[in-house]
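Here is a short briefing on one protein chain. Keep the structure open as you read, and find each element as it comes up.

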Amino acid sequence: MISRRAWAPLLWLGCIAFAAIVVARAHYITDLSAFLPANPTPIQQLLVDQLRDGPASRLILFAIEGGDDAARARASVLMVSRLRKDTQFSMVNNGATDAQQSDREFLFKHRYLLSEAVTAERFSAAGLHAAISDTIDNLASPAGLLFKSLLPRDPTGELLNSIDQLSRSPSPMTQDGVWVSADGKRCLGLAQTTASGSDSDGQGMAIDAIRAAFAAAVGAAPAAAASGVQLKLSGPGVFAVAARAKIEKAVVRLSIASGILVVTLLLAVYRSLPALGLGLLPVASGALIGIAAVALGFGVVHGVTLGFGVTLIGESVDYSIYFFIQSSRRHSGAGARSWQQLWWPTIRLGMLTSVCGFASLLPSGFPGLKQLGLYSVTGLIAAALVTRFVLPVLLPAGFAIRDVAPLGDGIASALQRLRRIGAATVATLAVGLMALSIVVLYLYRESLWNRDLAALSPISIEEQSLDAKLRADLGAADVSDLVIVSGPDLESILRSAEQTARALRPLVDADVIGGFESPANYLPSMATQEARRSGLPNAAELRANLRLATVGLPIRSDRLLPFLEDVEATRHAPLVTARDLAGTSLNAGFDALILHQKDRWNALLPLRGPASGREIDLARVAAALAAGDVHEALALNLKQQSDALYAGYLKQAIRFSLLGFLALTALLLIALRSALRVARVLAPLVLSVLTVAASLAVGGVQLTILHLVGLLLIVAVGSNYALFFDRQANSGDRGSEALTLASLVIANAGTVTGFGLLAFSQVAVLVALGTTVAPGAFLALLFAAILSPREAPRAAAGHA
Amino acid sequence: MRASNLNFLVPLVALGLCGSAAGASELDEVMGLLAARQHGRVEFIEQHFLHILDRPIESSGELRYDAPDRLEKRTLKPHAETLLLAGGVLTVERARGRRVVDLRAYPQIQPFVESIRATLAGDRGSLERWFHVDFAGSLGRWSLTLVPLDSNVKRAVAQVRIDGIRDQLFKVEIRQPDGDRSLMTLRPAASP
């Protein structure tokens with residue numbers, strides 16, 4: 001039979017074993033999706049998908065800087081020719097004309113299906129006459145020179161039309177045969193990976209391949225010529241890989257550093273290895289069970305969540321500290337038992353208040369915060385339960401730790417000195433500090449919260465500005481205004497895109513918009529292609545039309561035999577499919593405008609600003625779409641959308657945090673059954689939250705959603721301190737004050753150093769948390785100590 | 001005197017410039033004259049001799065130039081068309097619409113347009129960046145033969161020959177590698 005003492009450790013062992021299996025088998029991700037919304041509207045989903053897996057996310061921008069013009073161009077050419085052989089890339093382009101050769105062949109081959117100018121009328125005698133004389137006129141212009149040799153095969157100039165309809169967006173300038181920036185100081189290029197943007201491993205390998213190709217290209221040149229030539233990379237994949245490296249580094253470093261700190265702290269306090277081992281049990285169990293809960297609840301574990309594991313160490317290590325120190329007065333089982341009666345209720349209440357705080361993260365829109373919430377809630381409960389039910393059983397007979405009473409006495413006498421300051425003075429100072437903080441927060445109310453989603457990004461400002469510079473140079477600037485059309489399949493969205501284009505064209509003429517791109521410019525819908533193909537006359541008819549058309553023109557129709565052959569070939573050729581396009585570098589342009597979600601296809605039609613330089617009037621665009629009877633089309637501004645998205649999540653998080661605070665207050669009211677006591681417990685917490693928030697504002701830090709989490713943590717951790725002081729004042733157990741103080745100070749030191757470490761990480765979200773919680777936890781203890789109820793005169797006399 | 005002091009340079013000059021030293025200074029004089037002109041307006045007749053066509057395409061109109069980089073070619077016959085080159089961007093305007101071509105995107109055409117612009121601007125540096133420049137004649141009656149340096153450009157243009165009298169151009173002939181050519185004859189505009 002299992003004894004009553006043994007069931008808890010057995011249950012614990014079972015849980016740990018199960019959690020270990022789950023943790024070992026869990027899937028860990030380190031991309032940026034932790035801070036992308038989880039339950040968005042369809043449009044937000046589109047934005048998120050676009051960011052995470054869209055073709056744009058597979059784009060790597062590269063620039064070659066330094067050295068002289070020739071060395072850069074040479075490196076660019078050699079590097080790109082190497083990369084083109086690499087199957088990791090679906091497209092590599094540096095503007096070199098040989099890259100466009102295959103594109104031109106594709107456009108030329110399919111010109112009668114691709115060109116918008118192709119209609120049945122164009123192939124009538126009159127239509128041909130006009131088209132051919134136009135082409136001949138073109139021959140006299142400089143650009144016509146390029147197309148002269150094509151005249152016999154393409155007398156209507158459909159190749160030029162096909163090229164024109166694709167090159168409506170600005171392209172970078174060319175120097176020495178490759179793309180260069182406007183100042184000519186950088187060679188530019190684009191590579192599109194076959195790996196999806198969220199596949200950090202694939203992105204990492206592609207980036208390594210680019211770097212290797214560059215090194216080989218530079219190595220192939222004479223040392224003098226290649227000196228100073230540098231490669232710069234940017235793009236979503238580059239960011240993701242850099243972010244992953246940063247997060248991984250931060251997680252490993254922080255785990256090691258905080259581990260060492262906690263072990264050192266506990267060894268210094270306990271002076272006992274068994275105590276150290278036992279003391280770490282709640283933390284380790286909590287972390288393991290927390291991660292297992294996240295893995296079970298979400299399917300994947302974000303690396304950032306592990307980084308936050310430090311937060312749990314900070315609080316759950318406190319439990320064992322409280323247990324060992326507070327039960328150390330009587331070194332026996334009786335000591336532990338009396339601890340369970342005297343102290344456990346307070347720790348349980350503290351744990352429950354923390355759970356209230358962290359639970360407010362659970363409904364958050366950000367998966368990273370949801371995970372942190374679940375991790376903390378389960379981890380804390382597990383740690384507390386292990387402290388309560390497992391540790392007492394495992395304590396060896398005669399277990400003893402170093403007597404911390406002298407430390408506690410020292411702290412107590414310091415506190416006594418502090419308390420000599422009159423109650424009225426303390427109250428005045430507290431109210432004054434609170435008022436000052438509120439005034440500061442009010443003054444900074446406009447700029448208090450950072451509403452920019454990029455603030456959460458682990459990407460540095462320098463990296464972001466390099467990206468913006470390269471995009472501007474490449475003419476691949478992030479579009480902000482676009483029309484999105486959706487449908488069940490590719491064909492339907494291409495048709496809608498064509499319909500949208502017809503609706504938008506009058507807006508271009510009216511200069512409401514400067515122009516637009518459309519995937520249908522690359523690949524017309526099957527319906528449109530079919531219409532064009534069926535509009536082509538048969539060989540006999542075309543021959544007759546051509547004979548009439550060339551009357552009066554300086555070209556005889558028999559010179560245009562190749563034209564007859566090509567048209568006839570097109571009449572019997574299959575229509576162009578996405579697969580045909582895939583072999584060309586045009587595919588990157590097409591792909592970037594198509595977004596395939598589970599059962600939904602979306603075509604993006606980015607709008608260019610009007611020549612007047614005004615902003616695009618989206619209302620007029622929407623009106624034109626409505627007038628053009630284009631259903632499933634939506635005009636929107638991405639910047640507004642993503643700002644609104646983040647602002648919404650921030651607002652939601654603030655609301656949930658306030659709800660969490662209310663729940664915590666209600667919990668305290670139920671447990672303490674005294675409004676005055678609850679107010680006294682909450683006062684130091686509110687004061688430290690306000691002080692920290694005001695200090696950050698004055699220090700020029702704009703608060704993000706992670707600062708909010710930090711403020712929540714101050715309440716969660718600080719509530720333990722305040723509750724112990726409350727218990728002290730209301731239990732009548734005066735003798736234990738020194739021990740209480742010692743355990744609180746040691747626990748606080750652990751929390752402050754743990755979070756202080758976060759402040760030194762390279763990851764913005766961790767820094768936000770560290771700079772909020774470290775000072776906040778310290779202030780919470782300080783305020784709780786100073787504001788705690790004065791001892792009744794009798795007791796004070798007795799103690800002294 | 002000074003000349004004797006420089007005597008030792010003569011073999012070097014002879015070696016490096018293959019005796020075109022005299023031509024070079026004349027070229028500089030012509031360039032100087034051209035550079036001094038800020039505006040120009042001439043009438044042109046242009047003929048394109050293309051082997052694929054039965055007869056040459058002929059067009060005529062007016063050419064205007066404003067230093068240093070604005071060149072406007074207004075064709076009046078047979079179809080109205082305006083070609084405007086300004087700051088590296090070519091704008092083509094016809095009855096049926098407008099097209100803007102950024103010449104930087106067409107490295108093959110750029111030097112070809114540049115040959116005329118740089119000559120009009122007296123910009124010898126730019127000419128020599130793109131072409132092997134051969135000067136013949138004298139200030140009173142000169143001719144520049146420009147042969148592209150870049151092999152890509154050579155595929156489109158074999159040579160450009162510009163004839164002039166002092167600061168006036170009167171003939172621009174462009175030969176293509178396949179034997180096709182265009183000939184533009186210029187004369188001062190009839191009315192201001």
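Chain A has 34 helices and 13 strands. The model is predicted. Of the 800 residues in chain A, 48% are buried. Take the contacts in chain A between residues at least 6 apart in sequence: 82% of them join residues at least 24 apart.

**A residue in helix H18**

- A:Leu418 sits in helix H18 of chain A, which covers residues 405-419.
- Is A:Leu418 buried or exposed? A:Leu418 is exposed, because it has 12 other C-beta atoms within 10 Å, and a residue counts as exposed at 12 or fewer.
- A:Leu418 and A:Ile786 are 368 residues apart in sequence. In space, their C-alpha atoms are 7.0 Å apart.

**Helices H30 and H33**

- Helix H30 of chain A spans residues 675-698, and helix H33 of chain A spans residues 764-787.
- The two helices pack at an angle of about 140°, with their axes 8 Å apart.
- H30(A) and H33(A) are therefore oblique to each other; an angle has to be over 145 degrees to count as roughly antiparallel.
- The crossing of H30(A) and H33(A) is right-handed.
- Which residues of H30(A) and H33(A) meet? On the H30(A) side they include A:Arg680, A:Ala683, A:Leu687 and A:Val692. On the H33(A) side they include A:Thr772, A:Gly776, A:Phe783 and A:Leu787.
- By class, this contact of H30(A) with H33(A) has 13 nonpolar, four polar and one charged residues.

**Helix H28 and its two sides**

- Helix H28 of chain A runs over residues 618-627. Its residues A:Val621, A:Ala624 and A:Leu625 are buried.
- Where do the buried residues of H28(A) fall, seen down the axis? They fall within an arc of 100°, so they line one face of the helix.
- The face of H28(A) turned away from the buried side carries the exposed residues A:Ala619, A:Ala626 and A:Ala627.
- What do the buried residues of H28(A) pack against? Their partners in chain A are strand S9 (481-487), helix H21 (490-509), strand S12 (601-608) and strand S13 (633-637).
- A:Asp629 follows H28(A). The phi of A:Asp629 is positive, near 60°.

How values were computed:
Residues numbered from 1 in each chain as written. Chains lettered and ligands numbered in written order. Predicted model: local features only at pLDDT ≥ 70, side-chain atom pairs only at ≥ 80, totals over all residues. Helix = DSSP H or I, 4+ residues; strand = E, 2+ residues; numbered from the N terminus. Buried ≥ 20, exposed ≤ 12 C-beta atoms within 10 Å, placed from the backbone. Contact = placed C-beta atoms within 7 Å. Axes fitted to C-alpha atoms, helices over the stretch in contact; angles between N-to-C directions. Parallel < 35°, antiparallel > 145°, perpendicular 65-115°, else oblique. Left-handed = near helix turned anticlockwise from the far one by under 90°. Nonpolar A, V, L, I, M, F, W, Y, C, P; charged D, E, K, R; others polar. Arc of directions from axis to C-beta.
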